Amino acid sequence: MTVLLRTRVTAIGPEVADLAEGGVVILFADGSPPELAEVSVLHKTEHGPSNGAPAKGASITLGPVSATITAVGSSAWSKVLEMGHVVISFNGAAEAERPGEICASQVDSQALVAALKTGAIITIAA
């Protein structure tokens with residue numbers, strides 16, 4: 001298994017739990033504008049990101065929660081490379097609705113909310 005991105009959660013915005021209950025997690029690298037930090041999981045990269053985007057079937061883990069990537073938007077990985085930003089939708093969609101979105105298999109929303117805490121590791125691997 002090749003790790004494409006491994007990052008550590010540094011802060012959780014006050015609106016993150018509400019979004020995660022709906023299956024959406026927004027990642028933004030440390031130093032994001034305050035208005036974006038409110039809805040974002042701020043993180044500091046420990047490994048990667050790789051030059052190549054993950055493909056369908058790659059794995060994504062947030063602490064103990066695991067999912068399979070089902071779609072990658074056309075500009076999603078370039079945003080990860082540029083500014084550590086991506087929207088992850090745990091909706092199982094075969095096609096991303098937005099270019100900056102990565103879709104993954106559905107997960108238990110309560111487990112997702114519980115997994116999102118400072119110090120948690122997020123990994124995308126192929």
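1. Start with threonine 123: leaving aside neighbours within four places in sequence, threonine 123 is in contact with Val3, Leu5, Arg6, Ser59, Ile60 and Thr61 (contact means heavy atoms within 4.5 Å). This residue is found in strand β8, strands being DSSP runs of E, at least two residues, numbered from the N terminus. Threonine 123 counts as buried because its relative accessibility is 17% (buried is under 20% relative accessible area, exposed over 50%, partly exposed in between, with a 1.4 Å probe and protein chains only).

2. A word on the model: it is predicted, so local features need pLDDT of at least 70 and side-chain atom pairs count only at pLDDT 80 or more, while totals for chains, interfaces and linings use all residues. Residues are numbered from 1 along each chain as its sequence is written, and side-chain values use heavy atoms, with hydrogens and water left out.

3. Now the fold: 8 strands form a closed barrel in the order β1-β3-β2-β6-β7-β5-β4-β8, with mixed pairing (two strands pair if DSSP finds at least two bridges between them). Strand β1 (residues 3–12) and strand β8 (residues 121–125) run antiparallel and are joined by 5 bridges. Across from isoleucine 121 in β8 you'll find arginine 8.

4. Then there's lysine 56, in the loop between β3 (41–47) and β4 (59–62). With 54% relative accessibility, lysine 56 counts as exposed. Not counting residues up to four places away in sequence, lysine 56 touches Ile69, Thr70, Ala71, Ala94 and Glu95. A polar atom of the lysine 56 side chain lies 3.2 Å from the backbone oxygen of alanine 94.

Definitions and conventions: Helices (H or I, at least four residues) and strands (E, at least two) are DSSP runs, numbered from the N terminus. A polar contact is a pair of N or O atoms within 3.5 Å; within protein, one must be able to donate a hydrogen and the other to accept it, and residues adjacent in sequence count only if both atoms are side-chain atoms.
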